[in-house]
Amino acid sequence: METFELVGVIALVIWSITTHEVAHAWVANRCGDDTAKQLGRITLNPLPHIDIFLTILMPIMLIMTLGIGLGGAKPVPVLPWRMRNPRR
């Protein structure tokens with residue numbers, strides 16, 4: 001893979017993970033749990049969503065050993081008892 005393609009893939013993965021986690025935080029906030037908002041996790045800035053192990057170390061180790069990269073972001077904290085309708 002060429003450098004330009006690699007940079008594009010990395011940028012797309014970071015954007016996807018960030019928007020996915022922001023969506024979780026936004027929905028939790030709309031349902032009444034403002035924990036993620038208080039922690040500053042409703043932002044498109046990828047830095048609050050980076051987890052050292054899941055986002056950086058695990059993909060590097062998997063690429064070096066298996067040839068595929070899987071990873072994730074820091075999970076959004078949700079407290080179900082703070083929601084207006086927890087069963088929903």
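A pocket is understood here as an open set of grid points, at each of which a 1.4 Å probe fits, with protein on both sides within 12 Å along at least five of seven lines. In this predicted model, the largest pocket holds about 530 Å³ of space. Its lining is formed by 22 residues, and among these I10, V13, T55, P59 and I63 are the ones that lie nearest the centre of the pocket. Two helices, α1 (3-30) and α3, each supply at least two residues of this lining, and the largest share, amounting to 7 residues, is contributed by α1.

A nonpolar surface patch of about 700 Å² is made by I52, F53, I56, L57, I60, M61 and M64. Within this group, M64 has a relative accessible area of 68% and is therefore classed as exposed, the cut-off for that class being a value over 50%.

The charged contacts of the structure can be described briefly, since a search of the whole structure finds 1 salt bridge. This salt bridge is formed between R82 and D34, whose closest N and O atoms are 2.7 Å apart. R82 is located in the segment after α3, whereas D34 belongs to the loop between α1 and α2 (35-38), so the pair ties together parts of the structure that are 48 residues apart in sequence. Both partners fall into the intermediate class of accessibility, which lies between the limits of 20% and 50%: R82 is partly exposed, with a relative accessible area of 33%, and D34 is likewise partly exposed, with a relative accessible area of 24%.

How values were computed. Residues are numbered from 1 along each chain as its sequence is written. This is a predicted model: local features need pLDDT of at least 70, side-chain atom pairs count only at pLDDT 80 or more; totals for chains, interfaces and linings use all residues. Side-chain values use heavy atoms; hydrogens and water are left out. Patches are made of residues with over 30% relative accessible area and no salt bridge: like charges are joined within 9 Å, nonpolar side chains (Val, Leu, Ile, Met, Phe, Trp, Tyr) within 5 Å. Accessible areas come from the Shrake-Rupley method with a 1.4 Å probe; for residues, only the protein chains shown count as cover. A salt bridge is a side-chain nitrogen of Lys or Arg within 4 Å of a carboxyl oxygen of Asp or Glu. Buried means under 20% relative accessible area, exposed over 50%, partly exposed in between (1.4 Å probe, protein chains only). On a 1 Å grid over the protein atoms alone, a cavity is a set of points where a 1.4 Å probe fits but cannot get out, and a pocket is an open set with protein on both sides within 12 Å along at least five of seven lines; lining residues have an atom within 4 Å of a point. Grid points are joined across faces, edges and corners, and a volume is the space filled by probe spheres set on the points. Helices (H or I, at least four residues) and strands (E, at least two) are DSSP runs, numbered from the N terminus.
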